[in-house]
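Visitor: I have a model open on my screen and would like to learn how to read it. Could you walk me through it?

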Amino acid sequence: MSTNSKDSNTNASAGLSGGDENRRDFIKKSITGSALLAFGGVLPGFSPKSYAKIIGANEKVRVGMMGVNSRGLALSSNYALQPNCEVVSISDVDSRAAEKAISTVSEISKSKPANVPDFRKALENKDMDALVVAAPDHWHAPAAILASKAGKHVYLEKPCSHNPHEGELLIAAAKKYKNIIQMGNQRRSWPNVAGAIKAIHEGVIGRVYFAKGWYTNNRASIGIGKEVAVPSWLDYDLWQGPAPRKAYKDNVVHYNWHWFWNWGTGEALNNGTHMLDLMRWGLQVDYPTRVTSSGGRYRYKDDWETPDTQIINLEFANNTAMTWEGRSCNGRTIEGASVGVVFYGDNGSLQIGEGNTYQIFDLKNKLVKEAKNDFVIDPLNKMNPSQGLDALHIQNFFDGIKKGTALNAEIVGGHQSTLLAQLGNIAIRSGDTLNIDPANGHIKGNKAAEKFWKREYQKGWEPTV
(Lines give C-alpha, C1' and ligand atoms only; values in the text may rest on other atoms or scores of the structure.)
Protein backbone atom coordinates (compact mmCIF):
# COMPACT_ATOMS: atom_id res chain seq x y z
CA MET A 1 0.00 0.00 0.00
CA SER A 2 1.48 3.31 -1.05
CA THR A 3 0.96 6.35 1.14
CA ASN A 4 2.43 9.24 -0.83
CA SER A 5 0.33 12.09 -2.13
CA LYS A 6 0.87 11.31 -5.79
CA ASP A 7 -0.64 7.90 -5.27
CA SER A 8 -3.45 9.42 -3.22
CA ASN A 9 -4.39 11.78 -6.02
CA THR A 10 -4.28 8.93 -8.53
CA ASN A 11 -6.39 6.68 -6.35
CA ALA A 12 -8.92 9.38 -5.58
CA SER A 13 -9.35 10.52 -9.14
CA ALA A 14 -9.82 7.00 -10.41
CA GLY A 15 -13.44 7.11 -9.29
CA LEU A 16 -14.15 9.81 -11.86
CA SER A 17 -13.37 7.71 -14.88
CA GLY A 18 -15.79 4.81 -14.83
CA GLY A 19 -18.60 5.29 -12.30
CA ASP A 20 -21.98 3.75 -12.80
CA GLU A 21 -23.51 7.01 -14.04
CA ASN A 22 -26.96 5.55 -14.57
CA ARG A 23 -27.20 4.43 -10.95
CA ARG A 24 -25.79 7.69 -9.68
CA ASP A 25 -28.17 9.73 -11.80
CA PHE A 26 -31.01 7.65 -10.40
CA ILE A 27 -29.97 8.46 -6.85
CA LYS A 28 -29.71 12.16 -7.62
CA LYS A 29 -33.08 12.29 -9.35
CA SER A 30 -35.18 9.79 -7.41
CA ILE A 31 -38.18 11.08 -5.57
CA THR A 32 -38.57 9.70 -2.09
CA GLY A 33 -42.16 10.48 -1.33
CA SER A 34 -43.45 13.13 1.01
CA ALA A 35 -41.32 12.43 4.07
CA LEU A 36 -39.38 15.67 3.79
CA LEU A 37 -37.19 16.89 6.61
CA ALA A 38 -38.72 20.30 7.10
CA PHE A 39 -36.71 22.82 9.11
CA GLY A 40 -34.57 20.18 10.72
CA GLY A 41 -37.37 17.79 11.69
CA VAL A 42 -39.75 15.23 10.29
CA LEU A 43 -43.36 15.80 9.42
CA PRO A 44 -45.73 15.78 12.41
CA GLY A 45 -46.42 12.24 13.53
CA PHE A 46 -43.46 10.79 11.65
CA SER A 47 -40.66 8.95 13.40
CA PRO A 48 -37.54 7.70 11.59
CA LYS A 49 -39.30 4.34 11.28
CA SER A 50 -42.32 5.99 9.70
CA TYR A 51 -40.48 7.82 6.96
CA ALA A 52 -38.20 4.81 6.49
CA LYS A 53 -41.24 2.97 5.13
CA ILE A 54 -41.52 5.62 2.44
CA ILE A 55 -37.88 6.06 1.43
CA GLY A 56 -36.62 2.58 2.24
CA ALA A 57 -37.99 1.10 -0.96
CA ASN A 58 -35.82 3.34 -3.12
CA GLU A 59 -32.25 2.57 -4.04
CA LYS A 60 -29.83 2.88 -1.16
CA VAL A 61 -27.07 5.44 -0.81
CA ARG A 62 -23.82 3.51 -0.58
CA VAL A 63 -21.25 4.98 1.79
CA GLY A 64 -17.69 4.29 2.85
CA MET A 65 -16.56 5.07 6.39
CA MET A 66 -13.17 6.66 7.06
CA GLY A 67 -12.05 6.61 10.70
CA VAL A 68 -14.09 4.29 12.91
CA ASN A 69 -12.42 4.27 16.30
CA SER A 70 -14.80 6.39 18.41
CA ARG A 71 -17.14 8.91 16.83
CA GLY A 72 -16.63 7.05 13.58
CA LEU A 73 -17.86 3.81 15.13
CA ALA A 74 -21.01 5.56 16.31
CA LEU A 75 -21.54 7.01 12.85
CA SER A 76 -20.92 3.63 11.24
CA SER A 77 -23.64 2.12 13.41
CA ASN A 78 -26.06 4.93 12.64
CA TYR A 79 -25.48 4.80 8.90
CA ALA A 80 -25.94 1.03 8.98
CA LEU A 81 -29.26 1.53 10.77
CA GLN A 82 -30.61 3.77 8.02
CA PRO A 83 -32.94 1.72 5.78
CA ASN A 84 -31.93 3.68 2.69
CA CYS A 85 -28.19 3.23 3.20
CA GLU A 86 -25.57 0.53 2.70
CA VAL A 87 -22.15 0.77 4.33
CA VAL A 88 -19.91 -0.72 1.65
CA SER A 89 -16.46 -0.20 3.15
CA ILE A 90 -14.62 0.48 6.37
CA SER A 91 -11.29 2.31 6.27
CA ASP A 92 -9.11 2.78 9.31
CA VAL A 93 -5.38 2.80 10.01
CA ASP A 94 -6.09 0.86 13.23
CA SER A 95 -6.82 -2.74 12.26
CA ARG A 96 -8.54 -3.37 15.61
CA ALA A 97 -10.96 -0.48 15.12
CA ALA A 98 -11.70 -1.62 11.58
CA GLU A 99 -12.49 -5.16 12.69
CA LYS A 100 -14.82 -3.89 15.42
CA ALA A 101 -16.66 -1.59 13.03
CA ILE A 102 -17.01 -4.31 10.40
CA SER A 103 -18.45 -6.65 13.01
CA THR A 104 -20.85 -3.99 14.29
CA VAL A 105 -22.09 -2.97 10.84
CA SER A 106 -22.43 -6.60 9.75
CA GLU A 107 -24.57 -7.42 12.75
CA ILE A 108 -26.85 -4.45 12.12
CA SER A 109 -27.24 -4.68 8.37
CA LYS A 110 -26.61 -8.40 7.78
CA SER A 111 -24.19 -7.29 5.07
CA LYS A 112 -20.43 -7.24 5.56
CA PRO A 113 -18.61 -4.11 4.40
CA ALA A 114 -15.22 -4.45 2.74
CA ASN A 115 -12.13 -3.86 4.85
CA VAL A 116 -10.13 -1.22 2.94
CA PRO A 117 -7.49 0.21 5.32
CA ASP A 118 -6.46 3.00 2.93
CA PHE A 119 -9.54 5.11 2.25
CA ARG A 120 -8.02 6.27 -1.03
CA LYS A 121 -8.37 2.74 -2.33
CA ALA A 122 -11.99 2.73 -1.15
CA LEU A 123 -12.62 5.80 -3.29
CA GLU A 124 -11.86 3.69 -6.37
CA ASN A 125 -15.14 1.85 -5.82
CA LYS A 126 -17.31 3.13 -8.67
CA ASP A 127 -20.49 2.23 -6.79
CA MET A 128 -19.66 4.23 -3.67
CA ASP A 129 -21.79 7.36 -3.50
CA ALA A 130 -20.39 9.10 -0.42
CA LEU A 131 -17.52 9.09 2.04
CA VAL A 132 -18.09 9.68 5.76
CA VAL A 133 -14.98 11.30 7.27
CA ALA A 134 -14.47 10.86 11.02
CA ALA A 135 -10.67 10.67 11.12
CA PRO A 136 -8.53 13.10 13.18
CA ASP A 137 -8.85 16.80 12.37
CA HIS A 138 -5.72 17.06 10.23
CA TRP A 139 -7.29 14.60 7.76
CA HIS A 140 -10.75 16.20 7.54
CA ALA A 141 -10.31 18.62 4.66
CA PRO A 142 -7.66 16.67 2.70
CA ALA A 143 -9.82 13.51 2.77
CA ALA A 144 -12.96 15.43 1.79
CA ILE A 145 -11.14 17.05 -1.13
CA LEU A 146 -9.84 13.69 -2.38
CA ALA A 147 -13.36 12.28 -2.12
CA SER A 148 -14.71 15.26 -4.04
CA LYS A 149 -12.16 14.68 -6.79
CA ALA A 150 -13.28 11.06 -6.93
CA GLY A 151 -16.87 12.13 -7.58
CA LYS A 152 -18.14 11.26 -4.11
CA HIS A 153 -20.38 13.20 -1.77
CA VAL A 154 -19.00 13.83 1.72
CA TYR A 155 -20.35 13.77 5.26
CA LEU A 156 -17.58 15.58 7.13
CA GLU A 157 -17.30 15.55 10.89
CA LYS A 158 -16.66 18.85 12.61
CA PRO A 159 -14.46 20.77 12.43
CA CYS A 160 -14.49 20.81 8.66
CA SER A 161 -10.83 21.82 8.52
CA HIS A 162 -7.62 22.02 10.51
CA ASN A 163 -6.96 25.63 9.44
CA PRO A 164 -8.82 28.43 7.61
CA HIS A 165 -7.09 27.87 4.26
CA GLU A 166 -8.38 24.30 4.16
CA GLY A 167 -11.91 25.53 4.76
CA GLU A 168 -11.64 27.73 1.70
CA LEU A 169 -10.28 24.79 -0.28
CA LEU A 170 -13.35 22.78 0.70
CA ILE A 171 -15.68 25.47 -0.61
CA ALA A 172 -13.70 25.60 -3.84
CA ALA A 173 -13.82 21.81 -4.16
CA ALA A 174 -17.59 21.64 -3.71
CA LYS A 175 -18.00 24.37 -6.31
CA LYS A 176 -15.65 22.70 -8.78
CA TYR A 177 -16.81 19.10 -8.43
CA LYS A 178 -20.46 19.96 -7.74
CA ASN A 179 -20.82 17.42 -4.94
CA ILE A 180 -22.63 17.57 -1.62
CA ILE A 181 -20.54 18.25 1.52
CA GLN A 182 -22.44 18.21 4.81
CA MET A 183 -20.65 19.07 8.06
CA GLY A 184 -21.51 17.01 11.11
CA ASN A 185 -22.86 19.82 13.27
CA GLN A 186 -25.95 17.69 13.79
CA ARG A 187 -27.77 20.10 16.10
CA ARG A 188 -28.76 21.97 12.95
CA SER A 189 -31.18 19.11 12.31
CA TRP A 190 -32.54 18.62 15.83
CA PRO A 191 -36.19 19.77 15.83
CA ASN A 192 -36.28 21.72 19.10
CA VAL A 193 -32.91 23.35 18.49
CA ALA A 194 -34.08 24.45 15.06
CA GLY A 195 -37.34 25.60 16.65
CA ALA A 196 -35.43 27.66 19.20
CA ILE A 197 -33.43 29.41 16.51
CA LYS A 198 -36.60 30.04 14.51
CA ALA A 199 -38.23 31.59 17.60
CA ILE A 200 -35.20 33.85 18.07
CA HIS A 201 -35.39 34.99 14.46
CA GLU A 202 -39.09 35.70 14.92
CA GLY A 203 -38.33 38.00 17.87
CA VAL A 204 -39.43 35.88 20.84
CA ILE A 205 -36.89 37.68 23.07
CA GLY A 206 -36.72 40.88 21.04
CA ARG A 207 -33.56 41.92 19.29
CA VAL A 208 -30.80 39.49 20.18
CA TYR A 209 -27.45 41.20 20.64
CA PHE A 210 -25.26 38.78 22.63
CA ALA A 211 -24.76 35.04 22.91
CA LYS A 212 -22.71 32.95 25.32
CA GLY A 213 -21.67 29.35 24.73
CA TRP A 214 -19.58 26.92 26.77
CA TYR A 215 -18.16 23.45 27.24
CA THR A 216 -16.83 21.95 30.49
CA ASN A 217 -15.17 18.64 31.30
CA ASN A 218 -12.82 16.95 33.78
CA ARG A 219 -10.17 15.59 31.45
CA ALA A 220 -7.16 13.94 33.08
CA SER A 221 -3.51 14.68 32.36
CA ILE A 222 -2.03 13.03 29.28
CA GLY A 223 1.39 12.79 30.94
CA ILE A 224 4.75 12.91 29.23
CA GLY A 225 4.85 10.62 26.22
CA LYS A 226 7.65 8.22 25.46
CA GLU A 227 8.96 7.42 22.00
CA VAL A 228 8.19 3.75 21.46
CA ALA A 229 7.82 1.38 18.55
CA VAL A 230 4.70 1.87 16.44
CA PRO A 231 2.15 -0.82 17.37
CA SER A 232 1.61 -3.60 14.86
CA TRP A 233 -2.06 -2.68 14.53
CA LEU A 234 -1.35 0.91 13.41
CA ASP A 235 -0.32 2.34 10.04
CA TYR A 236 1.23 5.42 11.59
CA ASP A 237 2.48 6.90 8.31
CA LEU A 238 -1.03 6.94 6.87
CA TRP A 239 -2.43 8.14 10.20
CA GLN A 240 -0.17 11.21 9.99
CA GLY A 241 -0.95 11.64 6.29
CA PRO A 242 -0.71 15.34 5.37
CA ALA A 243 0.77 16.39 8.74
CA PRO A 244 4.54 16.87 9.07
CA ARG A 245 6.09 13.72 10.50
CA LYS A 246 6.53 13.34 14.24
CA ALA A 247 7.99 10.39 16.08
CA TYR A 248 5.41 8.02 17.54
CA LYS A 249 4.73 8.57 21.24
CA ASP A 250 2.59 6.44 23.51
CA ASN A 251 0.24 9.25 24.61
CA VAL A 252 -1.07 10.54 21.27
CA VAL A 253 -3.09 7.83 19.52
CA HIS A 254 -5.99 7.77 19.79
CA TYR A 255 -7.84 10.62 21.46
CA ASN A 256 -5.02 12.80 22.78
CA TRP A 257 -4.04 14.01 19.32
CA HIS A 258 -6.73 16.66 19.88
CA TRP A 259 -4.31 18.54 22.15
CA PHE A 260 -1.34 18.72 19.75
CA TRP A 261 -1.30 21.47 17.13
CA ASN A 262 0.29 19.19 14.53
CA TRP A 263 -2.85 17.06 14.31
CA GLY A 264 -5.53 18.61 16.53
CA THR A 265 -7.23 21.93 17.07
CA GLY A 266 -7.93 21.98 20.82
CA GLU A 267 -11.21 22.09 22.68
CA ALA A 268 -12.32 25.16 20.76
CA LEU A 269 -12.81 23.14 17.59
CA ASN A 270 -13.33 19.77 19.25
CA ASN A 271 -16.46 20.87 21.11
CA GLY A 272 -16.64 24.63 20.74
CA THR A 273 -17.51 24.40 17.05
CA HIS A 274 -21.00 23.13 17.89
CA MET A 275 -21.88 26.04 20.17
CA LEU A 276 -20.19 28.67 18.00
CA ASP A 277 -22.25 27.36 15.10
CA LEU A 278 -25.49 27.74 17.06
CA MET A 279 -24.54 31.25 18.15
CA ARG A 280 -23.67 32.28 14.60
CA TRP A 281 -26.98 30.81 13.42
CA GLY A 282 -29.00 32.59 16.09
CA LEU A 283 -27.31 35.98 15.65
CA GLN A 284 -27.54 35.66 11.85
CA VAL A 285 -23.90 36.56 11.27
CA ASP A 286 -21.20 35.25 8.98
CA TYR A 287 -17.73 36.67 9.64
CA PRO A 288 -16.65 38.78 12.64
CA THR A 289 -14.94 42.15 12.71
CA ARG A 290 -12.84 41.67 15.86
CA VAL A 291 -11.59 38.61 17.74
CA THR A 292 -9.76 38.23 21.05
CA SER A 293 -8.91 35.16 23.09
CA SER A 294 -7.24 34.38 26.39
CA GLY A 295 -6.32 31.22 28.25
CA GLY A 296 -3.68 28.53 28.28
CA ARG A 297 -2.63 25.13 29.52
CA TYR A 298 -3.13 25.69 33.24
CA ARG A 299 -4.23 22.49 34.95
CA TYR A 300 -1.36 20.05 34.38
CA LYS A 301 2.27 20.12 33.29
CA ASP A 302 2.41 17.56 30.53
CA ASP A 303 2.58 17.27 26.73
CA TRP A 304 -0.81 18.94 26.17
CA GLU A 305 -0.18 21.95 23.86
CA THR A 306 -3.59 23.53 23.20
CA PRO A 307 -5.45 25.52 25.87
CA ASP A 308 -7.32 23.61 28.55
CA THR A 309 -8.99 26.88 29.57
CA GLN A 310 -10.00 29.41 26.94
CA ILE A 311 -12.27 32.38 26.34
CA ILE A 312 -13.01 33.47 22.78
CA ASN A 313 -14.72 36.82 22.16
CA LEU A 314 -16.09 37.77 18.74
CA GLU A 315 -17.72 41.02 17.59
CA PHE A 316 -19.80 41.48 14.44
CA ALA A 317 -20.78 44.34 12.17
CA ASN A 318 -24.48 44.14 13.06
CA ASN A 319 -23.77 45.34 16.61
CA THR A 320 -23.78 41.85 18.15
CA ALA A 321 -21.18 39.80 19.97
CA MET A 322 -20.60 36.28 21.25
CA THR A 323 -18.29 34.57 23.67
CA TRP A 324 -17.32 30.93 24.14
CA GLU A 325 -15.80 29.49 27.30
CA GLY A 326 -14.02 26.15 27.31
CA ARG A 327 -12.78 24.36 30.41
CA SER A 328 -11.32 20.95 29.62
CA CYS A 329 -10.12 20.18 33.12
CA ASN A 330 -12.78 21.60 35.45
CA GLY A 331 -16.29 20.37 34.87
CA ARG A 332 -18.19 22.93 36.92
CA THR A 333 -21.34 23.57 34.90
CA ILE A 334 -22.65 26.89 33.59
CA GLU A 335 -26.39 27.58 33.82
CA GLY A 336 -26.77 24.02 35.10
CA ALA A 337 -25.33 22.36 32.00
CA SER A 338 -21.92 21.11 30.88
CA VAL A 339 -22.55 22.40 27.38
CA GLY A 340 -24.98 24.96 26.06
CA VAL A 341 -25.79 28.37 24.62
CA VAL A 342 -27.70 31.37 25.96
CA PHE A 343 -28.99 34.15 23.69
CA TYR A 344 -29.67 37.54 25.29
CA GLY A 345 -32.21 39.95 23.82
CA ASP A 346 -33.86 43.18 24.89
CA ASN A 347 -36.99 41.27 26.03
CA GLY A 348 -35.44 38.19 27.64
CA SER A 349 -33.12 35.25 27.08
CA LEU A 350 -33.25 31.80 25.50
CA GLN A 351 -31.10 28.86 26.56
CA ILE A 352 -30.44 25.80 24.43
CA GLY A 353 -29.50 22.90 26.68
CA GLU A 354 -27.36 19.83 26.36
CA GLY A 355 -29.85 17.99 24.19
CA ASN A 356 -32.87 18.74 22.02
CA THR A 357 -34.29 21.25 24.52
CA TYR A 358 -34.59 24.96 25.19
CA GLN A 359 -35.98 27.42 27.74
CA ILE A 360 -37.15 31.01 27.40
CA PHE A 361 -36.90 33.51 30.28
CA ASP A 362 -38.23 37.05 30.59
CA LEU A 363 -36.17 39.97 31.87
CA LYS A 364 -37.10 39.08 35.46
CA ASN A 365 -35.65 35.59 34.99
CA LYS A 366 -39.09 34.02 35.00
CA LEU A 367 -39.37 30.84 32.93
CA VAL A 368 -42.02 31.56 30.30
CA LYS A 369 -41.58 28.55 28.03
CA GLU A 370 -39.80 25.22 28.13
CA ALA A 371 -39.44 22.86 25.19
CA LYS A 372 -38.44 19.41 26.36
CA ASN A 373 -37.14 16.67 24.10
CA ASP A 374 -40.31 15.23 22.59
CA PHE A 375 -38.63 13.43 19.72
CA VAL A 376 -40.02 9.89 19.70
CA ILE A 377 -38.40 6.79 18.28
CA ASP A 378 -40.64 4.01 17.07
CA PRO A 379 -40.19 1.16 19.60
CA LEU A 380 -39.57 -1.23 16.72
CA ASN A 381 -36.68 0.87 15.48
CA LYS A 382 -33.23 -0.24 16.59
CA MET A 383 -31.95 3.32 16.95
CA ASN A 384 -31.65 4.87 20.40
CA PRO A 385 -32.95 8.45 20.90
CA SER A 386 -29.54 10.01 20.33
CA GLN A 387 -29.07 8.07 17.12
CA GLY A 388 -32.57 9.01 16.05
CA LEU A 389 -31.81 12.71 16.37
CA ASP A 390 -28.54 12.41 14.50
CA ALA A 391 -30.31 10.32 11.87
CA LEU A 392 -32.26 13.44 10.93
CA HIS A 393 -28.96 15.04 9.92
CA ILE A 394 -27.95 11.94 7.99
CA GLN A 395 -31.29 11.84 6.19
CA ASN A 396 -30.93 15.51 5.30
CA PHE A 397 -27.56 14.60 3.77
CA PHE A 398 -29.22 11.81 1.78
CA ASP A 399 -32.00 14.15 0.66
CA GLY A 400 -29.37 16.57 -0.56
CA ILE A 401 -27.84 13.79 -2.65
CA LYS A 402 -31.06 12.26 -3.95
CA LYS A 403 -33.36 15.23 -4.34
CA GLY A 404 -31.25 18.36 -4.17
CA THR A 405 -32.80 19.33 -0.83
CA ALA A 406 -31.01 22.22 0.87
CA LEU A 407 -28.52 20.97 3.42
CA ASN A 408 -28.94 21.96 7.05
CA ALA A 409 -25.14 22.23 7.37
CA GLU A 410 -23.67 22.97 3.94
CA ILE A 411 -19.93 23.53 3.67
CA VAL A 412 -19.96 27.33 3.32
CA GLY A 413 -21.72 27.69 6.67
CA GLY A 414 -19.60 24.88 8.06
CA HIS A 415 -16.46 26.81 7.17
CA GLN A 416 -17.83 30.04 8.63
CA SER A 417 -18.61 28.40 11.97
CA THR A 418 -15.33 26.48 12.07
CA LEU A 419 -13.47 29.69 11.27
CA LEU A 420 -14.83 31.39 14.40
CA ALA A 421 -13.05 28.83 16.57
CA GLN A 422 -9.95 28.91 14.37
CA LEU A 423 -9.72 32.70 14.69
CA GLY A 424 -9.96 32.30 18.46
CA ASN A 425 -7.03 29.89 18.37
CA ILE A 426 -5.06 32.22 16.10
CA ALA A 427 -5.69 35.12 18.48
CA ILE A 428 -4.40 33.17 21.47
CA ARG A 429 -1.41 31.72 19.62
CA SER A 430 -0.38 35.09 18.19
CA GLY A 431 -1.10 36.90 21.46
CA ASP A 432 -2.90 39.69 19.65
CA THR A 433 -6.29 41.17 18.89
CA LEU A 434 -7.43 40.26 15.39
CA ASN A 435 -9.14 42.75 13.12
CA ILE A 436 -11.16 40.82 10.56
CA ASP A 437 -12.54 41.66 7.13
CA PRO A 438 -16.29 40.95 7.58
CA ALA A 439 -16.62 40.24 3.85
CA ASN A 440 -14.47 37.09 3.89
CA GLY A 441 -13.20 36.45 7.42
CA HIS A 442 -9.58 37.21 6.61
CA ILE A 443 -7.21 38.76 9.14
CA LYS A 444 -6.27 42.35 8.35
CA GLY A 445 -2.75 43.76 8.71
CA ASN A 446 -1.27 41.24 11.14
CA LYS A 447 1.55 39.16 9.68
CA ALA A 448 2.23 37.36 12.95
CA ALA A 449 -1.35 36.12 13.04
CA GLU A 450 -1.66 35.50 9.31
CA LYS A 451 1.03 32.80 9.43
CA PHE A 452 -1.53 30.58 11.20
CA TRP A 453 -4.00 30.86 8.30
CA LYS A 454 -2.30 27.90 6.64
CA ARG A 455 -0.24 25.01 7.90
CA GLU A 456 2.91 23.20 6.80
CA TYR A 457 2.32 19.83 5.13
CA GLN A 458 4.39 16.73 4.76
CA LYS A 459 6.08 17.09 1.38
CA GLY A 460 3.97 15.51 -1.34
CA TRP A 461 0.76 15.42 0.71
CA GLU A 462 -0.45 19.00 0.16
CA PRO A 463 -4.22 19.16 -0.56
CA THR A 464 -5.11 20.80 -3.86
CA VAL A 465 -8.40 21.44 -5.61
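Guide: Gladly! Let's start with a pair of neighbours: strand E11 (residues 339-345) and strand E12 (residues 348-352) pair in the antiparallel sense, over 5 bridges. Within that pair, Tyr 344 stands opposite Ser 349 in E12. The model is a predicted one, where local features need pLDDT of at least 70 and side-chain atom pairs count only at pLDDT 80 or more, while totals for chains, interfaces and linings use all residues. Residues are numbered from 1 along each chain as its sequence is written, and side-chain values use heavy atoms, with hydrogens and water left out.

Visitor: What counts as a strand, and what counts as a pair?

Guide: Strands (E, at least two residues) and helices (H or I, at least four) are DSSP runs, numbered from the N terminus. Two strands pair if DSSP finds at least two bridges between them.

Visitor: In what order do the strands of the open sheet of 9 strands stand?

Guide: The order is E14-E13-E12-E11-E7-E10-E9-E8-E15, and the pairing is mixed. Strand E14 (367-371) and strand E15 (434-435) are at the edges with a single partner strand each, so one side of each has no neighbour in the sheet.

Visitor: How many bridges join E8 to E15?

Guide: E8 and E15 are joined by 2 bridges and run antiparallel; there, Val 291 stands opposite Leu 434 in E15. Strand E8 (residues 290-296) also pairs with E9, in the antiparallel sense, over 7 bridges. In that pairing, Thr 292 is opposite Asn 313 in E9. Towards E14, 4 bridges link E13 to E14 in an antiparallel run, and Ile 360 has Lys 369 in E14 as its bridge partner. The hairpin of E13 and E14 has 5 residues between the strands, and Asn 365 takes a positive phi near 65 degrees there.

Visitor: Which strands does helix H9 lie across?

Guide: Axes are lines fitted to C-alpha atoms, for helices over the stretch in contact, and angles run from 0 to 180 degrees between N-to-C directions. Helix H9 (residues 191-201) lies across strand E7 (208-216), E11, E12, strand E13 (358-361) and E14, at about 160 degrees to E12. Helix H12 (residues 272-283) also packs on the sheet, touching E7, strand E9 (309-316), strand E10 (320-327), E11 and E12, and its direction makes about 165 degrees with that of E10.

Visitor: How should I describe two helices that pack on each other?

Guide: Two packed helices are described by the angle between their axes and the distance between the axes. For H9 and H12, the angle is about 35 degrees and the axes are 9 Å apart. Val 193, Ala 194, Ile 197, Ile 200 and His 201 in H9 meet Leu 278, Trp 281 and Gly 282 in H12. By class, this contact of H9 with H12 has 6 nonpolar, 2 polar and no charged residues. Here Ala, Val, Leu, Ile, Met, Phe, Trp, Tyr, Cys and Pro count as nonpolar, Asp, Glu, Lys and Arg as charged, and the others, Gly among them, as polar.

Visitor: At what angle do the axes of H7 and H8 cross?

Guide: The axes of helix H7 (residues 137-149) and helix H8 (residues 164-177) cross at roughly 10 degrees and come within 10 Å. H7 and H8 are therefore roughly parallel to each other, a label for angles under 35 degrees. The residues of the contact of H7 with H8 divide into 8 nonpolar, 1 polar and 2 charged.

Technical notes: Parallel < 35°, antiparallel > 145°, perpendicular 65-115°, else oblique. Contact = heavy atoms within 4.5 Å.
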